[in-house]
Each structure stands twice: as C-alpha cells, then as structure tokens.
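Please open the model in your viewer and keep the selection panel at hand.

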Protein chains: 2
Amino acid sequence: MAEKKGIILLSGGLDSATTAAYAIEKGYSLHAITFSYGQRHDIEISFANRIVDYLGIKVHHTIQLPLELFDKTALKKDSNLQVPQGNDISVQDEIPITYVPARNIVFLSLALAYAESHDAEAIFIGANAVDYSGYPDCRPQFISSFQNMIDNGTKTGVEGNSIIVEAPLISMKKSEIIKLGYKLGFDYSLTHSCYNPDEEGASCGVCDSCCIRRRGFEESGIADPTRYRNG
Amino acid sequence: MAEKKGIILLSGGLDSATTAAYAIEKGYSLHAITFSYGQRHDIEISFANRIVDYLGIKVHHTIQLPLELFDKTALKKDSNLQVPQGNDISVQDEIPITYVPARNIVFLSLALAYAESHDAEAIFIGANAVDYSGYPDCRPQFISSFQNMIDNGTKTGVEGNSIIVEAPLISMKKSEIIKLGYKLGFDYSLTHSCYNPDEEGASCGVCDSCCIRRRGFEESGIADPTRYRNG
C-alpha cells in the first residue's frame with residue numbers, strides 16, 4: 001500500500017510539533033513546511049529543524065516570505081508595538097495585537113499549492129481555538145471555510161478528491177495537547193513558544209505565549225522542560 | 001475624502017491590465033502585486049512594469065515565490081509538459097494542463113495579507129470564467145468561497161469590515177473585456193498573453209492563450225496590436 005502523504009505546517013512551537021507527532025502516528029508520511037516572515041521569535045525555526053530530525057521527517061522546506069506583506073502586528077521583529085505580557089488571552093474578547101494579517105491563510109495556501117503539486121492528501125495545522133480564541137484564523141469556522149474554498153478552487157477539489165485540512169487540536173485545551181504529545185512520546189524540550197526569547201533562546205516566561213504554555217504544563221501535571229528567564 | 005485603496009494582481013496580461021484600468025476609473029488608488037513563480041512566459045513581468053508606468057500606479061511589488069511550491073503544470077519553464085496549441089479551451093470539459101496548482105489561491109492570499117497590513121478595501125483580480133472555464137480558480141463559485149473564507153479568517157472580516165475580492169471581468173467574454181479596456185483608453189500593446197514567447201517577446205500566435213486573445217480582438221472589431229511569429 002502506498003503511504004499517505006501529508007504536509008505539516010511546522011512552526012517550531014508546541015502545537016504544530018504535537019500535530020506532526022499525531023499525523024505520523026496516524027500513518028502519514030510528512031513533508032514539513034516552516035515559514036520565515038520576520039517574526040520576533042525566529043529562533044523557533046531552529047527548533048523546527050530539531051523537531052524534523054527528532055520525528056524523522058525526510059522533506060523539510062523553510063520558506064522565506066516577503067517581509068513587506070505583513071505589517072500591523074506586534075509579532076514582527078521590526079515592530080514598534082509591544083508584545084503583551086501576562087494576559088489570559090483565552091478569555092479576552094479582542095483580537096490580540098500579536099495577530100498577523102492573514103497568516104494562516106497564507107501558510108495554508110502555500111502548503112496547498114505544494115500539496116497539490118506533490119500528491120499529498122492532507123495538510124496538518126496545529127491551529128487551536130481554545131487558547132487562541134482571539135485569532136480569527138485559529139477557529140473551526142475558519143478551517144471549514146478554507147476547506148470549502150479548496151473544494152471550489154483546486155483541480156483535485158472540483159474532481160471530488162479534495163486535499164483535506166486537518167486541525168486535530170482545534171478544540172483541545174493546551175493541557176490536553178501536552179498530554180497527547182506526552183502519550184505519543186514527544187519531547188517538548190524541542191519546542192519553543194516565547195515571543196521574546198533572548199539570544200540563547202531562553203524564554204521570557206511572561207509573554208502571552210509563555211503564560212499559556214506554563215499554565216498548560218501546570219494543568220497537565222507534566223513537567224515543563226522549558227528554560228525561563230523570569231520565574 | 002480619503003482615497004479608496006485597492007490591490008491589483010497584475011500579471012502583465014490583458015485581463016489584469018483591464019481590471020487595473022477599471023479599478024482606477026472606479027476611484028481606487030492601486031498598489032500592484034506581480035508574481036514570479038517560474039512561469040514559462042516570465043517576460044510578462046516586464047509588461048507588468050510597463051502597465052504600472054502607463055497607468056501611473058505608484059506602488060508595485062514583484063514577489064518571487066519559491067519554485068518548489070508549484071509543479072504538475074505545463075506552465076512552468078522547467079516543465080517537460082507541452083503547452084497545448086490551437087485548442088478552444090472555452091468549450092472543453094477538462095482542466096487544461098496549464099492549470100497551476102492553487103495559483104490564484106496563493107496570489108489572493110498573499111495580496112490579502114498585504115491588503116490587511118496596508119488598510120486596502122479591495123483586491124482586484126482579472127479572473128475570467130468564460131474563456132477559462134476549465135480553471136477552477138477562475139470561476140464565480142471560487143471567488144465567493146474565497147470571500148467567505150476572508151470573512152471568517154481575518155481580523156477585518158470578523159469585525160464586519162471585510163476586504164472585498166473584486167473580479168469585475170468574471171462573466172465577460174474576451175471581446176467584451178477588450179471593448180471595456182478600449183473604452184477606458186487602455187493601450188493593449190503593453191500587455192502579453194503568449195505562453196511560448198520568443199526571446200524578443202514576440203508571441204507564438206498558436207498556443208491556447210494566443211488563440212483566445214486573437215479571437216477576442218477579432219470578435220471585438222478592435223485592431224490587435226500584438227506581434228505574432230506565426231500568421
């Protein structure tokens with residue numbers, strides 16, 4: 001039987017790494033795509049490389065996006081906006097200023113072109129609506145509308161053989177994601193979450209992303225292997 | 001009153017040029033985006049530059065896409081597939097082998113990130129379902145599903161202020177497009193359609209794209225300014 005081929009959007013963070021481990025467990029042979037888009041925490045790309053090695057993923061593309069595309073976000077290295085600290089963004093109503101315009105749309109679209117060009121059946125994304133409820137492009141209704149667009153806008157889609165966007169973590173709490181990865185034997189010291197890492201890659205411990213990560217480990221009862229500068 | 005800002009996907013071809021002229025006539029201040037993706041007819045990019053000058057478009061980005069993304073298409077320079085000749089692709093059922101996987105999805109997604117980052121209200125695309133009925137990503141149902149995805153997946157979208165995809169040519173015949181551009185005073189010698197141009201940019205006259213262009217001018221009764229090698 002031919003292997004099922006899947007594409008994983010691999011950032012170097014906890015969610016996409018867990019999603020990769022999950023997809024492999026489901027029998028997919030993965031090609032990974034990592035994007036460099038001027039993000040503050042571009043150190044995550046080196047973590048993506050380690051994850052690829054650890055999981056034995058044989059094909060990995062790191063794609064540099066034109067930096068002029070993305071603006072109006074605190075998440076870019078050249079932004080004057082401050083990354084928020086200590087917020088519980090899982091319960092806030094507003095869209096965080098770390099929102100990057102159309103980021104997951106761009107990532108999924110490029111992965112889609114690659115998937116259709118290379119006969120992949122599925123694109124795996126670690127999007128998660130529970131802890132990132134403020135990001136429009138991390139919600140189930142976004143994923144389903146993107147799927148509908150694939151069905152209508154690609155050759156394989158109109159032929160009734162659509163590439164499927166798989167977002168297995170979409171409704172999971174961070175602690176549940178961590179438990180899933182732990183069960184799959186994944187080593188979370190290989191992942192990076194902090195928006196404000198120092199030059200050695202140590203996490204700040206206080207940005208929104210660190211807060212969510214720390215709370216997730218606490219709630220899961222699993223030891224957090226992350227090296228934090230603060231507390 | 002502030003100007004309305006629009007993004008135009010400008011290939012250098014006849015349709016996108018007409019769309020640009022149309023958008024300017026509708027009062028939009030345009031930023032143009034042109035993509036280089038290893039297309040056979042990358043000479044069209046130099047035509048896009050001339051169109052930008054002619055129309056007085058002040059901001060123009062030419063974006064190089066990673067070539068490994070797109071494959072399985074006769075339209076790439078490094079493809080072994082032959083570009084079909086002399087077909088009337090407006091009446092054929094199959095998707096032409098010049099289909100590029102998810103091309104318009106990628107183009108629109110990158111334009112969307114740029115549009116949301118730069119406060120644009122609309123993205124203009126010269127997609128046309130009549131002469132390219134075989135391309136899934138040139139049909140009205142694709143445009144509307146992409147719009148729905150924008151509404152659900154972007155900050156401005158969920159805030160009720162979506163960026164709109166405008167495809168004003170979607171239901172027009174090629175001859176009608178040419179008549180529209182002519183009425184707007186556009187000079188079609190600045191545009192390029194051929195998939196197999198020679199090094200000086202002369203068109204082959206026989207590929208699908210040339211056939212559609214030639215027939216469009218014939219039906220419109222407007223003189224075709226194109227330099228063809230054959231006939």
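Helices (H or I, at least four residues) and strands (E, at least two) are DSSP runs, numbered from the N terminus. This is a predicted model, in which local features need pLDDT of at least 70 and side-chain atom pairs count only at pLDDT 80 or more, while totals for chains, interfaces and linings use all residues. Residues are numbered from 1 along each chain as its sequence is written, and chains are lettered from A and ligands numbered from 1 in the order in which they are written.

Select Thr98(B), which you will find in the loop between β3 and α3 of chain B. Thr98(B) is buried, with 23 other C-beta atoms within 10 Å; a residue is buried if 20 or more other C-beta atoms lie within 10 Å of its own, exposed if 12 or fewer, and partly exposed in between, with C-beta atoms placed from the backbone. Now display its contacts, where two residues are in contact if their C-beta atoms, placed from the backbone, lie within 7 Å. Leaving aside neighbours within four places in sequence, Thr98(B) is in contact with Thr73(B), Ala74(B), Leu75(B), Val83(B), Tyr195(B) and Asp208(B).

Next, select chain A, which has seven helices and five strands, running β-α-β-α-β-α-β-α-α-β-α-α from the N terminus on. Of its 231 residues, 52% are buried, and among contacts in chain A with a separation of 6 or more, 73% are between residues 24 or more positions apart. Its C-alpha atoms fill a box of roughly 55 × 40 × 30 Å along the principal axes.

Within chain A, select helix α6 (residues 174–183) and helix α7 (residues 208–220), which pack at an angle of about 65 degrees with their axes 8 Å apart; axes are lines fitted to C-alpha atoms, for helices over the stretch in contact, and angles run from 0 to 180 degrees between N-to-C directions. The contact includes Ile177(A) and Ile178(A) of α6(A), and Ile212(A) and Phe217(A) of α7(A).

Finally, show both chains: the contact takes 37 residues from chain B and 37 residues from chain A. On the side of chain B that touches chain A, the elements that give two or more residues are β3 (59–64), α3 (103–117), α4 (140–153) and α5 (155–158) of chain B, and α3(B) gives the most, with 10 residues.
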